[in-house]
Structures are given as C-alpha cells and as structure tokens.
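Subject: Structure for your review

Dear colleague,

Please find the structure we discussed below. I would be grateful if you would read the notes that come after it with the model open beside you.

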Amino acid sequence: MRLLPGPLRRKNGNDKADGNGTDGNGRNGGNGNPDIPGALLVSRERDEAIVNGENGQGAKEQKALQRERIKEAATEVPATAIGWVDERTGLGPFARGFMFRKTPKGTNWFYTLGSASMFAFLSQAVTGVFLAMYYRPSADEAYTSIQHINNEVFAGELVRGMHRWGATVMVVLVFLHMGRTFFFGAYKYPRELNWIIGVVLVLLTLMMALTGYLLPFDQRSFWATVVAVNINASGPVIGPYLADFLRGGAEFGATTISRFYALHMLLVPGLIAALIGAHLYLVAKLGTTAPPWLKAEKKRDLAKEEI
Amino acid sequence: MNAREKEQYLREYHVLKGQGKPFFPYAVAKDSMMAVFVLFVIILMAALFGAELGPKADPTTTTYTPRPEWYFFFLFELLRVVKPPELVFLATIGIPTFCLVLLLLLPFIDRNPERHPLKRPIATLTGIAVILAMGYLTIEGALAGAPTEIELSTQPQYEAGRSVAASSGCLGCHRIGHNGNAGPGPELTEIGERLRAPAIRRTLLNPTAPMPSYRGLSEKNPQQFDELVQYLATLR
C-alpha cells in the first residue's frame, strides 16, 4: 500500500500519515487496512461515532463494522489500481478513446468477423502453448510425441483437435472478413493501408496453416509438405533457394522439421501478433466503416424542416 | 479520389459516426457473442472429428497420395488447369503471386469513390467471379479421389509393374487409361511413346516440380522400382 500515489494517499487524512502501529481509536492499524484510500473517508465518521458514544457496546459490533470497512476498502481497489496505472502510463485517455469511441450507425453482425478472426488466433495461441509443452520437434520423436498427446495426456486429443480445427475456422473467418471488407468497399480512402496489412495477415495465416501441417509428421503431412516445398522450388530465380531454406538443405531431413517448428512457433505468430496490433490501431484511429447503403441524410432533413 | 471526394466522405462518415453507438458495450457485446460462438464451433468440431493421426511419415514409401488441406485445394487445382510442363511455374508461383500483388494493390487499382456494391458493378462482379472460381476449384479438389486401380490391361510380365504403379499414388496426379486424375501431372496412358525407359527412370528420380521424387523407392526396393519403370515404358 506504500505504492499508492501521493495525492491519493493524502486523502486518508493528515493525522495518520503513516498508518503504522495503532491509531487514535486504539485499533490496530494493520487490521482494518486503513491505508486503502477513499474507503477510510467513508468509514471515518462511523469510527468516530463508535469512539464517542457506543464504545461499550462490545467487541462483536466493532468486528462487524471492521468487516464492513474491509469490504468497502476492497470495492475501492480496482478503481485505485486503475488510477495507479493511469498515473504512471497515461493510458487512460487512450483506453477511454478505444472503448467508448462510437461505431457508425448500421454496424451489424458482419462487423464481428474481424474480432472473431482475432479470437480464433488467440485460441490457436493458447492451445498451441499447451501442445508445445508436449511436442518434440525432431524427425525421430515428433510422431511419438503426438501419439503421446493423443493417447495419454489429459484432454490431449481435445486440445489438439481444437488446434487442428481452429486452424480451419481461422482461415474461413479471415476469408469472410476479407470478403466483407471487399464488398463494403471498406478498403477505400482512408483505410488503404489497413487493407494492405490485412492482405499480409491472410498470407501469414496461410503460412501458419502450411507450416503447421508438417508437424504431426504422419504420412499425410509429410507428403503434402514435400509437394508444397516442391511448388516453391518451381518459382523463378528465388524458388530453388526458398525451397532449400525451407528444407534446411537439398533433401527433406532432420533439420526440416525443426525449421518448420521455428517458423510456426516463433516467426509467423510473432509477425501476426504485431500486425494485428497495427491493424487494430488503425481501426481505432480511422473508425470502422458505415454500411455502404447508409447515407448521412441528417443535413438534408434538417434543411427541409427549416423551410 | 480527389480532395473534394475525400472531404465529402469524411464529412458523411463523421455524421454517421455521430449517430452511432459506443463501441463499449454495444459492439463489444456482439463481438463477445461471436467469440463464444467461434469457441463453441471449434470445441464442437474437435469433439466430433477429433485429431486424427495417420501412419508415421516414411520417406521411402510411395504409396501415399499427397493431399493438401482443403482450403489449399484452389491453389493445388490450378496445377490441373495449366497442362504444358514449361508453363507449370505459372500455376505454382505465377498466378498466385500475380493475384496476391493485385490484392495488395487493390485500393490503388479501384479508386472509384463509390462504395455501394451495386454501384461499382465491375468490382462486385470480379469479386463474385473470384469466389466462384475458388469455390469451383475447391469442389473439384474435394471430388478428385486417389484411385488405386488401373483397369488398362497389360501383358502378363508387366503385371507386377502395373500393381506398383497403381499403389504408388501416381493416379493422384496422372491419368492412366480411364483411371486417375487428369492433372496436375501429364497423362501417362501413352508415356512410352514419348519417353524411353532410361528417360522415365531419370524423371522418376528427379521429377519436375511439384512431383515428389521416387528415389526412396529406388533405394529401398530397387526391384519394384525397375518393374514400375518397365511398366510405364510399355504404355503406348
């Protein structure tokens, strides 16, 4: 409680600057946690009433009152904590601006597709962390560690299923979100840059799907990835180099799987998280579009009324 | 968009935004409901379909037909549309890269200030056409199975080679007689006309992309590999 900012602390009253030891009422200072600001202001009057007239009414009532005081102090904690963070970061105006900004008239369910894509990504991140606790990225052990997850780990198959099907859900949501943006003309001025970031996010999502496909290391994932890397290799000029980089050599080998693992676990999700941040910043800054069939009629109506 | 159109848009948007509701709690409530629904769908699919795990990856087998995840079918099926081998790079890299660049540059290509989908018919029709094309390619990819039987009859001494070919996943990408998929790879019904056995052997070991190499089979089971080469050479 010493961490409380000065101005808030002073509210407690000057007679008890420190809160150490016992205060004037013979009450143990630590007991009622008198250092929590605000709360004491409310309860002080009652304290004085106790001291003045009803001191003899017994410890029972005093205890009940103390409990009441602790309750009041506790309800003040979130506000105090927010104030404490705000004073040190200055995030208050930004957070208020983000949460209480207006969304235009006509905002409908199509506008939830973006946040749903982000939620799918978060779900992938959480299930991915749990899978990473058991997964071993080597050609020898990958398959057996997945078998272990499926058959022995508690709820392992469910979490792996959520990760596997979550990928499908995320790809579908990202494409739907892109379709919404396209048909609503939401990529136009002033949101061009956010469209470009979005296209890069689509590409990164597909890269996640591709690099994750190899990791279970069963026949299906292995051969599909061989073909996918061969497709890269057919590209002009950089194709063969890109394929060599992905394989970690000229042939599919022991390094390939750890290479895909690093891309899938670190590089691509890091880029996605950073770009989602930029995407959201621009959304908050520029605002979401209004549905294109809505026109601002207000001024014309007003003009009519005036006539 | 010129300065006047920009100004007009911003003014109109400002009015519509002024008539809207705050993000919290209205949009947050919708987003949260959607998030719950998404999580529900993910858990439902995980519970219903589980997380299958096929047999362990084995680089020496050739019996497995590579199939991508269904949302990559539209890219994979492009390989079937483009037939001549010297143009394969168009299907593998060319067209997807071109489409990606178009997509990135979309706001600079479509500078029409109109936003209503019905008032910009070219953009809307193009979008619908792209979605239909992707849907068509995806369905094509979903329907293309991987047959394991070659009905085309052959001489008795090449029977062994025929069964190797049938079980080696060739038909996933090639057509032999009435069996197999017409692409991404070329038809093999008359491959013996075009290539002699040594050339077929070289192609199997160092194929053109995206076909996987049969080096694994040639090292693990040279006899089967020879039978396969001999059988393919008889197709004419």
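The notes below take up each chain, then the contact of the chains, and then individual helix pairs and residues.

Please bear in mind throughout that this is a predicted model.

Chain A

Chain A contains 12 helices and 1 strand. Along the sequence, its elements run in the pattern α-α-α-α-β-α-α-α-α-α-α-α-α. Of the 307 residues in chain A, 34% are buried. Where contacts in chain A join residues at least 6 apart in sequence, 70% of them are between residues at least 24 apart.

Chain B

The secondary structure of chain B consists of 11 helices and 3 strands. Their order along the sequence is α-β-α-α-α-α-α-α-β-β-α-α-α-α. Chain B has a radius of gyration of 26 Å, well over the 18 Å that the globule rule gives for 236 residues, so chain B is more spread out than a compact globule. Taken along the principal axes, the box filled by the C-alpha atoms of chain B is roughly 80 × 45 × 30 Å.

Buried residues account for 28% of the 236 residues in chain B. Of the contacts in chain B between residues at least 6 apart in sequence, 66% link residues at least 24 apart.

The contact between the chains

Chain A contributes 71 residues to the contact, and chain B contributes 62 residues. On the side of chain A that touches chain B, at least two residues each come from α4 (92–100), β1 (102–103), α5, α6 (142–151), α7 (156–183), α8 (192–214) and α9 (219–233). Helix α7(A) gives the most to this side, with 13 residues. By class, the side of chain A that touches chain B comprises 42 nonpolar, 18 polar and 11 charged residues.

A helix pair in chain A

Helix α5 (residues 113–132) of chain A and helix α11 (residues 254–286) of chain A have axes that come within 12 Å and cross at roughly 150°. An angle over 145 degrees counts as roughly antiparallel, and α5(A) and α11(A) are therefore roughly antiparallel to each other. Their crossing is left-handed. From α5(A), the residues A:Met118, A:Phe121, A:Ala125 and A:Ala132 meet A:Met265, A:Pro269, A:Ile272 and A:Ile276 of α11(A). The contact of α5(A) with α11(A) has 8 nonpolar residues, with no polar and no charged residues.

Two helix pairs in chain B

In chain B, the axes of helix α3 (residues 73–81) and helix α6 (residues 121–143) come within 8 Å and cross at roughly 80°. Angles of 65 to 115 degrees count as roughly perpendicular, and α3(B) and α6(B) are therefore roughly perpendicular to each other. The residues B:Phe73, B:Phe74, B:Phe76, B:Glu77 and B:Leu78 in α3(B) meet B:Met134, B:Leu137, B:Thr138, B:Glu140, B:Gly141 and B:Ala142 in α6(B). By class, the contact of α3(B) with α6(B) has 7 nonpolar, 2 polar and 2 charged residues.

Helix α7 (residues 159–167) of chain B and helix α11 (residues 222–234) of chain B have axes that come within 8 Å and cross at roughly 100°. That angle makes α7(B) roughly perpendicular to α11(B). On the α7(B) side, the contact is made by B:Ala160, B:Gly161, B:Arg162, B:Val164 and B:Ala165, and on the α11(B) side by B:Gln224, B:Glu227, B:Leu228, B:Gln230, B:Tyr231 and B:Leu232. The residues of the contact of α7(B) with α11(B) comprise 6 nonpolar, 3 polar and 2 charged.

Two residues in chain A

A:Leu267 is located in helix α11 of chain A. A:Leu267 has 13 C-beta neighbours inside 10 Å and so counts as partly exposed. Although A:Leu267 and A:Met208 are 59 residues apart in sequence, their C-alpha atoms are 9.9 Å apart in space.

A:Pro78 belongs to helix α3 (residues 59–89) of chain A. A residue with 12 or fewer such neighbours is exposed, and A:Pro78, with 9 C-beta neighbours inside 10 Å, therefore counts as exposed. Between A:Pro78 and A:Leu246, which are 168 residues apart along the chain, the C-alpha atoms are separated by 49 Å.

With kind regards

Notes
Residues numbered from 1 in each chain as written. Chains lettered and ligands numbered in written order. Predicted model: local features only at pLDDT ≥ 70, side-chain atom pairs only at ≥ 80, totals over all residues. Helix = DSSP H or I, 4+ residues; strand = E, 2+ residues; numbered from the N terminus. Rg over C-alpha atoms; globule rule 2.2 N^0.38 Å. Buried ≥ 20, exposed ≤ 12 C-beta atoms within 10 Å, placed from the backbone. Contact = placed C-beta atoms within 7 Å. Axes fitted to C-alpha atoms, helices over the stretch in contact; angles between N-to-C directions. Parallel < 35°, antiparallel > 145°, perpendicular 65-115°, else oblique. Left-handed = near helix turned anticlockwise from the far one by under 90°. Nonpolar A, V, L, I, M, F, W, Y, C, P; charged D, E, K, R; others polar.
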